[in-house]
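Got your viewer open and ready? Let's take a short walk through this model together, one selection at a time.

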Amino acid sequence: MSKIFNLSLIDALQWRYAAKRMTGAVVPEEQLNMILKAAHLAPSGIGLQPYEIIVISNPQLRQQILPIAMNQPQVVESSHLLVFAAWDEYCPERIDRVFDHLTKERGLEPGAADKQRRFAKQYFGQLSLDENFHHAAKQAHIALGLAVAAAALNGIDATPMEGFNATALDDLLQLPAKGLKSSMLLALGYRNEVNDWNLPLKKVRKPFEELVTILR
């Protein structure tokens, strides 16, 4: 199944597409962990990583998610369904936890990272809860993008999905109790080459010069 393991990133991204139908074949644990590690290493603002990734393989739970996600078949035909769930708020306690961990892991003296800690609290403290979540969701989507690229490099299909009832999904997964709100889904698996109408279509993007402006 890993047909393109040795391809370049650009070739891998050319190969990938938004698989609409999947076979149900299971992604090996080693490759799943590689994709999750790529997401784990994603950059984020001030290094706060204000999100969690929930990995769902349970068939019964995914059947419950199916109507919440507009009955998109990838929900139940994928190997794993990843839920990217962003913080609902950059509260001081969460910021402290991040910087306490950073201080410990880097072997720093107490207070060495306090300038950044204070900046984070001041900056996010002036934003509304909606602005807090919007910022956190953008950080989560950087991780999602790296997960998509890592999957493609290993011949695994990864379909980002925004078409779902976030409130209903949050309630089902009891995310409010954790201070989280779902922002995106990512279906991981293998394309169904027989039944996927999207597979034979030419990959089309806007002209490069319309996307990129180079100022010299």
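Predicted model: local features only at pLDDT ≥ 70, side-chain atom pairs only at ≥ 80, totals over all residues.

Stop 1: Show the strands as a cartoon. Four of them form an open sheet, and reading across you meet β1, β2, β4 and β3 in that order. Neighbours pair in the antiparallel sense.

Stop 2: Select β1, residues 51-56, together with β2, residues 80-87. Six bridges join this antiparallel pair. To see two residues facing each other, pick E52 and find A85 of β2 standing opposite.

**Stop 3: a helix on the sheet.** Next, select α2, residues 29-40. This helix packs on the sheet, where it touches β1, β2 and β4 (180-189). Compare directions too: α2 makes about 165° with β1.

**Stop 4: the largest pocket.** Select G47, L48, Q49, V98 and H101, which of the 15 lining residues lie nearest the pocket's centre. The volume here is about 430 Å³. Which element gives the most to the lining? It is α5, with six residues; that helix spans 92-105. β1 from the sheet also gives two or more residues. Finally, colour the lining by type: seven residues are nonpolar, four polar and four charged.

How values were computed. Residues numbered from 1 in each chain as written. Heavy atoms only, no water. 1 Å grid on protein atoms, 1.4 Å probe; cavity = no way out; pocket = protein on both sides within 12 Å on 5 of 7 lines; lining within 4 Å. Points joined across faces, edges and corners; volume = space filled by probe spheres on them. Helix = DSSP H or I, 4+ residues; strand = E, 2+ residues; numbered from the N terminus. Nonpolar A, V, L, I, M, F, W, Y, C, P; charged D, E, K, R; others polar. Pairing = 2+ DSSP bridges. Contact = heavy atoms within 4.5 Å. Axes fitted to C-alpha atoms, helices over the stretch in contact; angles between N-to-C directions.
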